[in-house]
Amino acid sequence: MLSTKTIKTDMIKAIFLDIDGTIISIRRHAIPQSTMEAIREVRRAGIKVFLCTSRAKQFMANIHGIEADGMVCLTGANCVDADGTDISCATMYPTDVAQAIGFVQTHNLPLVGIASRHIYIHLPQHPAVRNSFATGGLTLSDIGPYSDFPDLAHAANPEETATRLGIMQFTAYCLPGKEEERFLTLMPHCHTERWTTPFVDIVGNGTNKALGIEVMARHFGFDPTETMAVGDGYNDVPMIEVAAIGVAMGNASDEVKRHADYVTADVDADGLSQALRRFALKQS
């Protein structure tokens, strides 16, 4: 499917690629050889490639054979260069952070929080936590050191403690609807970015993958109108819409596909390679 808007493939200077369900198969937990080859060709052609994901920069243990010019991590909250050095960090409101941590500690619910240099996990052995990492082909041993959140219920100044944590994204284990709304009630300065049913990512208002594209464009010296974005989840919609060429994977939902300029094949049918060759490599 190709949209009716004019697509100028000769203007592409940077490509933003989702990871899970786009680069890596969620079903097989493997990166197709065709994907690795196409990304290498794109970079050899002088086009920058950025990974654009809800994953933390610490969660890349199984992304082998992919070289990129940088990463948009945590749904846009953390942009890093090729060496993993922070370009931008959008931390969450301390009051929201303190409320969320206090809530899960009081009700004994799992929660993952990501800061630039540390990972916090409440109830790391909870099946929901372990399953969420397994969705991306990871285990807890793959992510490096982590610890529980400090006990904010007994902290002298919970907001001050929350500020020092520097949390940029939470992953909450709640279903769409009332459970998700319960978290948002506690966190009025945040919104959810969901790409799978069992859990949801929570980031500050105004933070999404499109913001990540804008940050990288300013830092590396190109314009969002000179970009291509490829994804499969609903959290990919903002970047699919802001890019000059927005591509949905064949395994994306119908809702995501409606926002795309083009729908390629499934991740397990060389969909990403096909999209890159159609729009990026034909100009070189």
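A cavity is taken here as a set of points, on a 1 Å grid over the protein atoms alone, where a 1.4 Å probe fits but cannot get out, and its lining residues have an atom within 4 Å of a point. Grid points are joined across faces, edges and corners, and a volume is the space filled by probe spheres set on the points. The model is predicted: local features need pLDDT of at least 70 and side-chain atom pairs count only at pLDDT 80 or more, while totals for chains, interfaces and linings use all residues. Residues are numbered from 1 along each chain as its sequence is written, and side-chain values use heavy atoms, with hydrogens and water left out.

A search of the whole structure finds 2 cavities of 30 Å³ or more. The largest cavity has a volume of about 240 Å³. Its lining comprises 18 residues, and Arg55, Phe59, Ser132, Trp195 and Phe199 lie nearest the centre. At least two residues of this lining come from each of strand 6 (111–114), helix 3 and strand 8. Helices (H or I, at least four residues) and strands (E, at least two) are DSSP runs, numbered from the N terminus.

Aromatic pairs were assigned to rings of Phe, Tyr and Trp (its six-membered ring) with centres within 6.5 Å; planes under 30 degrees apart count as stacked, over 60 as edge-to-face and the rest as tilted. The structure holds 11 such pairs. One of them joins Phe149 and Phe170, edge-to-face, at 6.0 Å centre to centre and 65 degrees between the planes. Phe149 lies in the loop between helix 3 (127–135) and helix 4 (158–165) and Phe170 in strand 8 (residues 169–172), so the pair ties together parts that are 21 residues apart in sequence. Relative accessible area is classed as buried (under 20%), exposed (over 50%) or partly exposed (in between), with a 1.4 Å probe and protein chains only. Phe149 is buried at 5%, and Phe170 is buried at 1%. Trp195 and Phe199 also form a pair; their ring centres are 5.6 Å apart and their planes stand at 85 degrees, so this pair is edge-to-face. Trp195 is partly exposed, with a relative accessible area of 22%, whereas Phe199 is buried at 7%.

Nonpolar cores were defined as sets of buried Ala, Val, Leu, Ile, Met, Phe, Trp, Tyr and Cys residues joined through side-chain atoms within 4.5 Å. The largest has 50 residues, and Ile15, Leu17, Ile23, Met228 and Leu276 have the most contacts inside it. Contact means heavy atoms within 4.5 Å. Beyond its neighbours within four places in sequence, Leu17 is in contact with residues including Ile23, Phe50, Val230, Leu272 and Leu276. A second, separate core of 24 residues includes Ala100, Phe103, Ala162 and Leu165.

Helix 9 (residues 271–279) has Gly271, Leu272, Ser273, Ala275, Leu276 and Phe279 as its buried residues. Among the elements covering them are strand 1 (14–17), helix 1, strand 11, strand 12 (245–248) and strand 13 (262–263). Thr35, in helix 1 (residues 33–44), is buried with a relative accessible area of 1%. When neighbours within four places in sequence are left aside, Thr35 is in contact with Ile23, Leu272 and Ser273.

Two residues were examined in the loop between strand 2 and strand 3, namely Asp69 and Ala56. Asp69 is buried at 16% relative accessibility. Its side chain makes a polar contact of 3.2 Å with that of Arg43. A polar contact is a pair of N or O atoms within 3.5 Å; within protein, one must be able to donate a hydrogen and the other to accept it, and residues adjacent in sequence count only if both atoms are side-chain atoms. Ala56 is buried, with a relative accessible area of 1%. Residues up to four places away in sequence aside, Ala56 touches Cys73, Leu74 and Ile114.

Thr225 lies in the loop between helix 6 (209–220) and strand 11 (227–231) and is exposed, at 55% relative accessibility. The side chains of Thr225 and Asp223 are joined by a polar contact of 2.7 Å. Thr225 and Lys13 are 212 residues apart along the chain, with their C-alpha atoms separated by 9.2 Å.

Definitions and conventions: On a 1 Å grid over the protein atoms alone, a cavity is a set of points where a 1.4 Å probe fits but cannot get out, and a pocket is an open set with protein on both sides within 12 Å along at least five of seven lines; lining residues have an atom within 4 Å of a point.
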